[in-house]
Amino acid sequence: ENQIINLNLSEENLFKNMKYNHRHEIKKSDSNTKLSVIIYDYHNYIKDLIFKMRDMHIEVSGRETRSKNSWKIMENMILQKKGFLISLLYEKIPISYSFFFHNHFECIYFSSVTVRHNFKYSGINHLSLWNAIKFAKLKVKLKSFNLGITKYIYSRNEKNIDVKKKNIAFFKSRFCGEKKYDFIFDKKT
């Protein structure tokens, strides 16, 4: 299951459509004066900033999961008006990054990283994603926001879908977009 948020809705309705616990977490983290959000697009992007996200990702995961060239491509997307980066700071120190890319119509949630011990500050990723949705709607003026996979309905090999992937899908599903379904068939099917 994938979910796509209709950005033609008012900001108020986008917020009301979310599950209560997400709205609560966003309000809570938004009121934390020690937390701040910076959104980088082609206007204010600082060269090589995406590599700070890369470094944090390597630190959190304990390994490098994508090539340095792919990070450079993400940076180029920002500079070419095809993406933006959100940095969440605690007392002016980055504790989370999220990257989103887009065309002229749709924004797609691509990648996030948060230093794990900072999850004690509830609502961190909620706040980042909410700010991305608002930015895509109000600044980039897009029509939809693709959250990606929000539920794994059936998989022959359940072991291929780890708990982390299921948890991320559940988290995104609580933003309550329109549901779309993708079916993948293999030779065994």
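Student: About how many helical turns separate lysine 72 and glutamate 75?
Tutor: This is a predicted model, where local features need pLDDT of at least 70, side-chain atom pairs count only at pLDDT 80 or more, and totals for chains, interfaces and linings use all residues. Residues are numbered from 1 along each chain as its sequence is written, and side-chain values use heavy atoms, without hydrogens and water. Helix α4 spans residues 68-79 (helices are DSSP runs of H or I, at least four residues; strands are E runs, at least two; both numbered from the N terminus). Lysine 72 and glutamate 75 lie three residues apart in helix α4, so the separation is about one helical turn.

Student: What is the N to O distance in the salt bridge of lysine 72 and glutamate 75?
Tutor: A salt bridge needs a side-chain nitrogen of Lys or Arg within 4 Å of a carboxyl oxygen of Asp or Glu. For lysine 72 and glutamate 75, N to O is 2.6 Å.

Student: Is glutamate 75 buried or exposed?
Tutor: Buried means under 20% relative accessible area, exposed over 50%, partly exposed in between (1.4 Å probe, protein chains only). Lysine 72, at 28%, is partly exposed. Glutamate 75 has 1% relative accessibility, so this residue counts as buried.

Student: What kind of pair do phenylalanine 100 and phenylalanine 145 make?
Tutor: Rings of Phe, Tyr and Trp (its six-membered ring) pair with centres within 6.5 Å; planes under 30 degrees apart are stacked, over 60 edge-to-face, the rest tilted. Here the centres are 5.8 Å apart and the planes at 50 degrees, so the pair is tilted.
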